[in-house]
Amino acid sequence: MAVKKHKTELSKISYSNVIIGVGISFFFLLISWMIDIINNNLNVSLNTIKEIHVNDPVLFLIDLLPIIVGILIYILIKKREKDKESFRKIIKQRDQDISRNARFAKKIGEGTYDEGHEIVDEDDIIGKSLIVMRDNLLANNKKEKDQNWISEGKDIVSDILRMHNNIEELAYEVTVQLIKYVNVIQGAFYIFEEKENKLINIATYGYNRKRYVTQEFNTGQGLIGQCAYEQDIVYRTEIPEDYATITSGILGDKKPASILLVPLITEEKLQGVLEFASLDNEFQQLTIKFLTELGEIIARTLYNLRMNQRTEKLLQESQQMTEELKENEEELRQNAEEMRATQEELEISNKNLGTQIKEVENAQKRLHSLLENASEVISIYDNDLKLKYQSPSVTKILGYTPDEMMSGKDMDRLTAKGEAAMKEMFNQLLEDPQTPRTILYTYIKKDGKKIHIETTGRNLLNDPAINGIILNSQDITERKRAEKEERMKSKMQSLSENSPDLILRMNTKGQFFYANPMVMDYLGIKAIDMINGRIDELNIDPILVDFFKGSIKNIRKTNQKLNEEITMPTAMLGDRIMNYNAIPEFNENELETILFVGHDITEAKKIELEIKDKNKKINESINYAQRIQSSILPNTAIIQEYLPKSFIYYLPRDVVSGDFPWFFKKEDVLYISAVDCTGHGVPGALLSFIGYFQLNNIVDHDVSYTAGQILDKLHFGVRSTLKQDRIDADARDGMDIAFCRINLKKKELQYSGAHRPLYLLRKGELIEYKGNRKAIGGIPHRKKAEKDFINHYIEIVKGDKIFIFSDGMPDQIGGSDKKKYSPQRIRQNIIDNKGLSMQQYANLFSTDFKKWKGKNKQIDDVLLIGIEF
């Protein structure tokens, strides 16, 4: 009613204003008539008014002025009313927005963060700010709850760690509480024994009861060993077929849906591994973070408990040793008393024996001098084969003193064969005392030199003067050498006569002393005619004569062996390529003769030339393949036209590579990927061509395909090309890939991978997107349906940096410990240097990889691509 009344009052005011305006206009109209009448000296009348209008037609237009003024005033008034009405509506809307925002702010203040709030007016800055504030409070609230959950879990486990000093009890209680807290079905605790390099299961709990499981894993063995080796968490949702099952009385044996392995590490030392398995649910990132942080706390407690146990053990051993020392001290005191009494008795006896000892010493000196300079070693053994006397000559002959021989060197320095011969001789002497026995064996002197010994044994156990088995041993090394030299000469003579090589011996004056039968085939001269002949006197080819003379001159100067290849004509075999060895032979350090051995290498040279020719053709083919491969690979300059802040670090192991970067542009979409084909070198390069052309055909066919769909089509395309979809297929070749589909206008990045991840560095935080755990291509599993490749959607934010790579870099062995470069090192380099540009990242990885590899052989092709948006 008030609004209606207000509108009525406005209408009345509007009409009044129009009337006033018309009246004023009509007043001015009358004035204009009067002025015209006065100027023309006319009387005021209706006829006069008519007459002036006829004389001046413009007055007709002036007559319309009141009407026009009235209309204009009316329009202006209506417009003003309309503006006022609009303003009132805006004021009303603002009042409603303020009321609604106040209610919403009240809900936020009461802690109700899930309250809906609709923004009616786009200019409602307060409403939008309240929504942002609510979202931030909601996120902080969730973060606080997550942190409280982690802290509460840590407090529970910390209480257990404080309560127990026994590692087995501690492991069991920790395992039980963590299974309940993170809501999984089964868990196990493995302790790391550093001396044995093994992980041993000491606690297992599942289905609300203790499990008695005995398992051991070496470092690197299975998933447990892998977790210990890499010292990093292992999280699997695709469980290997041979992995352990979870047994329940209700459900029976069932493979877990997901497993989580957490290494227990403190001060960079592994203490153990925690294993958790879930039947239905995957582990949340919060749970993984909680268990990872808790791992270090548990590891530190294990380390302290072990150190305490070792300290306690050492303390007990120290106490035991103290008790033993006390007992020994008493025994020593008693022994000292007894020794003092014995010493007194000995002093009395020594006075009586003094004269006798001097006489005996003089006799011993004479005997010692004789024995010391003897050419034989005399040894006496008792009937238990224990050495009881050793002549002083042993030092000159064997290098050991008599005391050293008495302490066991008589047998220690024998070979196994010599020791067996010695024992057999003793047995024969004991069985037949009347017959002397002689054996030959090898003995190792004190200076390490081996010598030959001849020992003759006699059984004189019944002789009171000897009362033992006496051995007379002498060094026969020189005799054995002379015998061996004589045998070798005879053997060399036999070998030389039957050798296919040309063998000649001559003195330094060119006179021949020996020639084998092959001289007839090569020189056309009988061997008997060569003996005692001289170089210049015999019909020998000039090439060979010059070689012989030059060799004699050179050897006389250097006393060194010579080797030379020459091509010479022969009497019966045509031109032959000969490899000659000229070997100097000395007599008492004086050059006496030179032995020439000529080996025919003609056929070997032909084969060598054929191999060189084939290798040249193979290298030319590989180099041509490299040029072809290089021509299809994307040019870095072209990629940087579309992605200016990018780099490609590409280091093939061989001339051609199984890894290759790939780039394609269609419409507004950019495609880029890092592809790793099976193998490297030529086989890998052949597969790379298949992958390259398959990818080109797929993305060129339909620009709407997602990254995951493109990998699905590539997967079946490679399998079809290699005929791996047949029943009789046996080729398991394929490729791993990290594939990106980029639309810069929509600020959208799609990623899909086969065994390869994508690392996203955003605002200092590294996010990992994992690829599917299957390769492109390969023989399909006949009884298990394949899953499609997962397509990850990522909204591009300015400053985002992504990295994709093949397995060549993380698998490279290097460093001081000969370990793998590892994905962890790549992640650490990215995080530790998050402020670098892409070019600086390229330089960083190039330098770090080469330093890590060092002098180790590169094991695979290396490919790393980085892009900053």
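Trainee: Which helix holds Ile-67?
Mentor: Ile-67 is in helix α4, residues 65-109. Helices here are DSSP runs of H or I with at least four residues, and strands are runs of E with at least two, numbered from the N terminus. This is a predicted model: local features need pLDDT of at least 70, side-chain atom pairs count only at pLDDT 80 or more, and totals for chains, interfaces and linings use all residues. Residues are numbered from 1 along each chain as its sequence is written, and side-chain values use heavy atoms, with hydrogens and water left out.

Trainee: Is Ile-67 buried or exposed?
Mentor: Exposed, because its relative accessible area is 53%. The cut-offs are under 20% for buried and over 50% for exposed, with partly exposed in between (1.4 Å probe, protein chains only).

Trainee: New topic. Where is Gln-390?
Mentor: Gln-390 sits in strand β11, residues 387-390. Gln-390 has a relative accessible area of 6%, so it is buried.

Trainee: What does the side chain of Gln-390 reach?
Mentor: The backbone oxygen of Ile-378, at 3.4 Å. The Gln-390 side chain also makes a polar contact of 3.0 Å with the side chain of Ser-379. Such a contact is a pair of N or O atoms within 3.5 Å; within protein, one must be able to donate a hydrogen and the other to accept it, and residues adjacent in sequence count only if both atoms are side-chain atoms.

Trainee: And Gln-812, where is that?
Mentor: In the loop between β29 (801-805) and β30 (813-814). Gln-812 is buried because its relative accessible area is 0%. A polar atom of the Gln-812 side chain lies 3.2 Å from the backbone nitrogen of Ile-859.
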